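Student: I would like to learn how to read the contacts between the chains of a model, beginning with the terms and then turning to the case itself.

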Amino acid sequence: MASAGLSFENPVFAAYAAYSSVVLLKMFCVTGYTTITRFRVGVFANPEDVKGNKGAKVRLDNSDVERVRRLHRNDLENIPAFLAVGLLYVMTGPSAGAALWHFRVFTAARCLHTVAYLAGVQPWRVLCFLTGLVPTLSMTVQVLMAGAL
Amino acid sequence: MASAGLSFENPVFAAYAAYSSVVLLKMFCVTGYTTITRFRVGVFANPEDVKGNKGAKVRLDNSDVERVRRLHRNDLENIPAFLAVGLLYVMTGPSAGAALWHFRVFTAARCLHTVAYLAGVQPWRVLCFLTGLVPTLSMTVQVLMAGAL
Amino acid sequence: MASAGLSFENPVFAAYAAYSSVVLLKMFCVTGYTTITRFRVGVFANPEDVKGNKGAKVRLDNSDVERVRRLHRNDLENIPAFLAVGLLYVMTGPSAGAALWHFRVFTAARCLHTVAYLAGVQPWRVLCFLTGLVPTLSMTVQVLMAGAL
């Protein structure tokens with residue numbers, strides 16, 4: 001079936017590509033926000049980073065910086081998995097409607113997770129995290145069934 | 001050659017998809033186990049996580065939690081690389097037999113690595129880690145040769 | 001257009017596969033260098049790693065080891081993103097010239113970033129990091145446009 005193929009003419013693939021880009025751009029915002037936070041609090045990880053920067057210190061335990069880094073690590077635990085399994089899921093030939101909801105829910109959940117982590121609001125952060133896991137796990141199980149059966 | 005293509009009708013691709021799913025499900029088990037461990041020892045990473053949870057503390061140095069996190073990070077250093085290079089390797093058109101052994105060895109090694117890390121048994125953990133590297137490196141070199149030559 | 005497809009006969013795909021392999025091999029060198037550094041300074045992360053190894057200690061704050069680990073984490077924040085978005089970018093059917101420069105700049109920047117991080121030289125490390133981000137972000141935006149429009 002042509003519509004299960006990897007081509008921008010397949011609307012499911014195009015949607016996967018678009019949502020993947022959004023979620024990657026979100027992750028790169030976290031990268032940038034780490035740098036912004038380091039300059040705001042004047043805390044860096046390497047001695048060479050603070051040279052000639054009066055008032056800047058090398059510390060690995062600043063709570064603001066470490067919060068952004070924990071958020072970023074949570075992204076690393078979830079987003080590459082989504083990117084990899086999402087591509088395989090596209091090839092199982094899902095209905096466009098089902099596929100779109102998988103991508104939308106994941107993308108929205110990860111964006112809201114980022115906000116909730118930075119704002120430090122529970123249980124919203126955990127709910128966003130779990131909501132993002134649902135489409136990822138659903139896709140993983142569907143890929144497993146398509147590949148193993 | 002059709003059988004080198006990305007389609008569930010290509011048995012090498014189907015096997016790649018199935019083993020990738022298994023290894024991702026294993027990684028999500030580690031995610032869940034981190035949470036279980038945090039609740040068991042009552043140690044969390046953010047102040048908002050312990051609010052209203054009597055006896056829970058914010059600490060970043062609990063040895064049980066950090067062990068699971070080091071294991072998870074080792075997964076992040078190896079599994080996304082396998083997922084990415086495995087897909088490219090499928091497209092080099094390997095024999096089904098050779099490909100299956102690459103996927104099986106990696107998947108088995110990472111599952112056993114997880115067990116060995118949680119159990120804290122050496123040299124088994126290192127052996128599992130190195131065994132998982134072998135198929136990944138082999139696929140990487142084959143993809144490099146197919147792409148560069 | 002056949003040349004936008006995922007096949008080693010598409011020179012853009014072949015180049016993507018080759019550069020992806022190079023950047024993965026570079027990342028596995030960092031994995032190996034972590035181990036070399038641990039043995040050199042005699043510092044390991046788990047109690048079972050130092051058993052029977054006289055003079056080795058369990059510490060998580062050795063500056064040499066942590067430098068390699070920070071570098072490795074920076075790889076994890078950038079390389080899987082490149083691998084995922086690069087594949088989607090190949091499918092947008094870019095010109096071979098533009099695509100090659102995206103892959104070359106990323107690969108060279110990440111290799112030089114590794115050297116600059118280990119040598120502790122600023123602002124070279126930051127410049128290499130930012131240089132590697134440029135092709136990744138460029139590809140992400142192009143994939144977003146191809147998928148969303």
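Tutor: Let us begin with the elements: helices (H or I, at least four residues) and strands (E, at least two) are DSSP runs, numbered from the N terminus. By that rule B:D49 lies in helix α2 of chain B, residues 47-50. This is a predicted model, in which local features need pLDDT of at least 70 and side-chain atom pairs count only at pLDDT 80 or more, while totals for chains, interfaces and linings use all residues. Residues are numbered from 1 along each chain as its sequence is written, chains are lettered from A and ligands numbered from 1 in the order in which they are written, and side-chain values use heavy atoms, with hydrogens and water left out.

Student: Is B:D49 buried or exposed?

Tutor: The classes rest on relative accessible area (1.4 Å probe, protein chains only): buried means under 20%, exposed over 50%, and partly exposed in between. B:D49 has a relative accessible area of 15% and is therefore buried.

Student: Which residues is B:D49 in contact with, leaving aside its neighbours within four places in sequence?

Tutor: Contact means heavy atoms within 4.5 Å, and with those neighbours set aside B:D49 touches A:Q122, A:R125 and B:F44.

Student: How many salt bridges does the rule find across the interface of chain A and chain B, and what does each chain give to the contact?

Tutor: The rule finds 3 salt bridges there, and the contact takes 30 residues from chain A and 29 residues from chain B. Buried area, the accessible area (1.4 Å probe) that two parts lose on being put together, summed over both, comes to about 2,300 Å² between chain A and chain B, with carbon and sulfur atoms giving 71% of it.

Student: What does the interface of chain B and chain C look like in these terms?

Tutor: Here the contact takes 29 residues from chain B and 29 residues from chain C, and the buried area is about 2,300 Å², of which 71% comes from carbon and sulfur atoms. B:R73, B:L88 and B:M91 supply 24% of the area that chain B buries against chain C, more than any other three residues. The rule finds 3 salt bridges across this interface, and B:R125 and C:E48 meet through their side chains in a salt bridge of 3.4 Å, N to O. On the side of chain B that touches chain C, the elements giving two or more residues are α3 (63-90) and α5 (124-148) of chain B, and α3(B) gives the most, with 12 residues.

Student: How are chain A and chain B related?

Tutor: In general, two copies of a chain are related by a rotation about an axis and a shift along it. Superposing by least squares on the C-alpha atoms of residues with pLDDT of at least 70 in both copies, a rotation of 120° with 0.0 Å of shift along its axis brings chain A onto chain B (RMSD 0.0 Å). The two copies are thus related as by a three-fold rotation axis, and in chain A the C-alpha nearest the axis is that of A:P80, 3.8 Å from it.

Definitions and conventions: Salt bridge = Lys/Arg side-chain N within 4 Å of Asp/Glu carboxyl O.
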